[in-house]
Amino acid sequence: MAPRAYWKGSLKLSLVSCPVALYPASTSAEKTRFHMINRETGNRLKQQMVDAETGDVVESDQKGRGYELRKGEYVEVEKEELEAVQIESNHTIDIDSFVPRDEIDKRYLNNPYYIVPDGKAAIDAFAVIRDAMKDQDRAALARIVLTNREHVIAIEPLGKGLLGTTLRYPYELRDEDAYFDDIKSPRISKDMIELASHILETKAAHFDPSKFKDEYENALKALVRRKASGKPLKTVEREEKADNVINLMDALKQSLKGKAATRRRAGAPASRRAPQRRAARKAHRSAARTRKAG
């Protein structure tokens with residue numbers, strides 16, 4: 001069964017308008033989740049809202065929204081007042097500009113969506129916009145209204161379709177200087193950099209998310225399966241943490257030796273065959289000299 005579109009509308013570039021549909025590109029449906037239950041009855045628990053001062057349970061018709069002005073002092077905002085400032089969706093993705101794809105700061109990336117043409121009539125216009133961005137290696141910055149909030153969305157080609165990623169606003173990001181300013185700049189020797197570079201080379205690879213393994217999720221699933229089948233649980237002893245390494249240069253050298261040893265072990269079968277080949281060649285030469293002497 002085809003997934004249901006999260007949003008439908010038009011992708012608009014100047015006078016070109018193309019009907020599109022958005023689908024969430026990520027999902028948490030496969031993650032293992034637990035419910036709170038009553039240990040005695042095995043029944044699921046439900047949450048209730050309780051007044052922080054009186055401890056009384058608050059019914060749904062008594063609940064409201066308040067913004068905290070000062071500690072313990074709130075200004076109440078009515079539902080109708082919130083609705084008055086909400087942005088009504090015009091079901092249009094308005095493209096404002098095109099920027100080089102590598103200029104988009106990854107910290108601003110939020111939620112990803114697949115964007116596809118909505119209907120056969122949209123395919124030509126969709127392909128023109130997609131291929132023009134491919135040709136110039138640019139991403140579109142556009143505005144879209146989702147759940148009554150306007151978002152900036154970055155749109156870029158992805159295979160036959162488009163990938164739209166909502167972006168965070170600057171006020172949602174923390175300033176890196178508050179975290180990085182106290183980092184010292186020690187003098188590092190060239191030898192250390194070269195050793196670290198060698199280690200990097202031994203671990204060089206290509207980005208392949210199929211190799212990502214969520215070990216905790218796998219352990220949770222195994223735990224649930226064993227519990228459900230009544231099997232005893234396996235206890236795993238925790239490994240003791242290694243002491244902190246004091247000498248950085250020694251640590252780099254040991255890391256490099258470890259990689260070299262791994263490579264030698266990987267080539268062990270071939271190396272074991274080498275003495276046999278040398279012995280065979282030596283026997284062949286001896287036989288040849290005997291025939292020549294005869």
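A salt bridge is taken here as a side-chain nitrogen of Lys or Arg within 4 Å of a carboxyl oxygen of Asp or Glu. The structure is a predicted model, in which local features need pLDDT of at least 70 and side-chain atom pairs count only at pLDDT 80 or more, while totals for chains, interfaces and linings use all residues. Residues are numbered from 1 along each chain as its sequence is written, and side-chain values use heavy atoms, with hydrogens and water left out.

Across the whole structure, eleven salt bridges are found. One of them links the side chains of Arg-130 and Asp-131, with N and O 2.9 Å apart. Relative accessibility puts these two in separate classes (buried, under 20% relative accessible area; exposed, over 50%; partly exposed, in between; 1.4 Å probe, protein chains only). Arg-130 counts as buried because its value is 14%, and Asp-131 counts as partly exposed at 37%. Salt bridges with shared partners also gather Asp-96, Arg-143 and Glu-150 into one network.

A further salt bridge joins Glu-156 to Arg-101, the closest N and O atoms being 2.9 Å apart. Glu-156 belongs to strand E8 (residues 149-158) and Arg-101 to the loop between strand E5 (92-100) and E6, so the pair ties together parts that are 55 residues apart in sequence. Helices (H or I, at least four residues) and strands (E, at least two) are DSSP runs, numbered from the N terminus. Both partners are partly exposed, Glu-156 at 22% and Arg-101 at 28%. Arg-70 and Glu-73 also meet through their side chains in a salt bridge (2.9 Å, N to O); here Arg-70 is exposed at 53%, whereas Glu-73 is partly exposed at 34%.

Turning to the strands, pairing requires that DSSP finds at least two bridges between two strands. Strand E6 (residues 109-117) runs antiparallel to strand E2 (residues 16-24), and five bridges join them. In this pairing Leu-22 stands opposite Ile-115 of E6. Five bridges also connect E6 with strand E9 (residues 161-167), again antiparallel, and Leu-109 has Leu-167 of E9 as its bridge partner.

Finally, the surface carries a negative patch made of Glu-76, Glu-78, Glu-80, Glu-81 and Glu-83. Patch residues have over 30% relative accessible area and no salt bridge, with like charges joined within 9 Å. Helix H1 (residues 79-85) gives the most to this patch, with three residues. Glu-76 lies in strand E4 (residues 73-77) and, at 54% relative accessibility, counts as exposed.

Definitions and conventions:
Patch = residues over 30% accessible without salt bridge, like charges linked within 9 Å, V, L, I, M, F, W, Y side chains within 5 Å. Areas by Shrake-Rupley, 256 points an atom, 1.4 Å probe, with all protein chains shown as cover. Lys, Arg positive; Asp, Glu negative; His and termini not counted. Charge placed at Lys NZ, Arg CZ, Asp CG, Glu CD.
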